[in-house]
Amino acid sequence: MPGYIRKRKEIAGLCFWGLMLMTLIVAKHALAQTRTAPPGVHPKSGKVGAIKKHTPGQTFVLVGAGDIAGCKNLEGAKATAKLIDQIPGMVFAAGDLAYERGSAEDFKNCYEPTWGRFKDRTKPALGNHEYANRSASGYFQYWGAQAGPAGKGYYSYDLGDWHIVVLNTNCDAKALGGCAAGSPQETWLKQDLAKHSSNCILAYGHHALFSSGVFKSHAIHPELKQLWQNLYTAHADVVLAGHEHSYERFAPQDPEGKADPANGIREIVVGTGGRSHDLLGFATPNSEVREWETYGVLKLTLSPGKYTWEFIPQEGKSFHDSGSGVCHNYPAESN
């Protein structure tokens, strides 16, 4: 009898461990059948797929103008500074920041009391008045590393999905080496844009390639065409400028000035920072909106795949302009 009982216990133990082994085998098989491949990996080959989803990014504000603080009369610069006081975000200062000579004294006595309070959040560009001193020493002394590499005056930075390029449009400045193909700035620009082929792109500098200013030698700067060509090839979206003390918005166009709604660059001239007003002449092709009697700032809201613009006038003025556009380099389904 004891032998029979012992035998039953041995058989029961074998059945128990056999059942456990079968459970483990079935569970492993089921897991293998239900496991999914990691995103972008083909379940059979294991290779990374070509499809890439674009993750939505943040929205940023870029606000500013050019042609700002005239030491003889700071009222205009004070009026536009009051506007920026109420607008958070990055500030662009599109050249001719401190008149008349852009000296250290001009920056200290004229720019600093007005737009100087935004210095920590400002990305400046060089104007021709900064080059009253051939090396623009007052400008570089005031801004330091904030103005990019010393002596060059061109650099870039990012705001979310947007790549922002700051150009030195003073092509005749001796230290710059021109703006033509093969010049130091043009070579840098081409390389910089190549690294950001999937970004939305906005550029700004002081001079405009297109403008309806009365004096064409002051208003239109064909020496910038090669830089524009690089931007156009990289599918840039917006170019901002000053120099003409007025506001003018153009429809998207190519570097030759031909309308290009699908792939063109929208140029907005916003030399309305407070220095003075310049008359505008007859509208040049693709000019959509023009006004020369109002100081104000341009506010751009840069979102993933799109942007909006709004011209905000000084207190007491009524001129206003606004609109929106989409980014060329962003996936179409995101727009």
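Tyr-139 and Phe-140 are both buried in this predicted model. The two residues form an edge-to-face aromatic pair, with 5.2 Å from centre to centre and 90° between the planes. Tyr-142 and Trp-143 are likewise both buried. Their ring centres lie 5.0 Å apart with the planes at 90°; planes over 60 degrees apart count as edge-to-face, so this pair is edge-to-face. Across the whole structure, a search finds 18 aromatic pairs.

| Charged residue | Ring | Distance to ring centre |
|---|---|---|
| Lys-123 | Tyr-157 | 5.2 Å |
| Arg-275 | Tyr-99 | 4.6 Å |

The sheet is described next. Seven strands make up an open sheet with mixed pairing, ordered E6-E7-E8-E9-E11-E10-E12. Its edges are strand E6 (155-159) and strand E12 (287-291), each of which pairs on one side only. From one strand to the next, the twist averages 15°.

Within this sheet, strand E7 (residues 162-166) and strand E8 (residues 200-204) run parallel and are joined by five bridges. His-163 stands opposite Ile-201 in E8. Helix H5 (residues 184-194) packs on the sheet and touches E6, E7 and E8. The direction of helix H5 makes about 175° with that of E7.

Terms used: Residues numbered from 1 in each chain as written. Predicted model: local features only at pLDDT ≥ 70, side-chain atom pairs only at ≥ 80, totals over all residues. Heavy atoms only, no water. Pairing = 2+ DSSP bridges. Helix = DSSP H or I, 4+ residues; strand = E, 2+ residues; numbered from the N terminus. Axes fitted to C-alpha atoms, helices over the stretch in contact; angles between N-to-C directions. Contact = heavy atoms within 4.5 Å. Phe/Tyr/Trp six-rings, centres within 6.5 Å; stacked < 30°, edge-to-face > 60°. Buried < 20%, exposed > 50% of the residue type's maximum accessible area, 1.4 Å probe, protein only. Lys NZ or Arg CZ within 6 Å of the ring centre and 35° of its normal.
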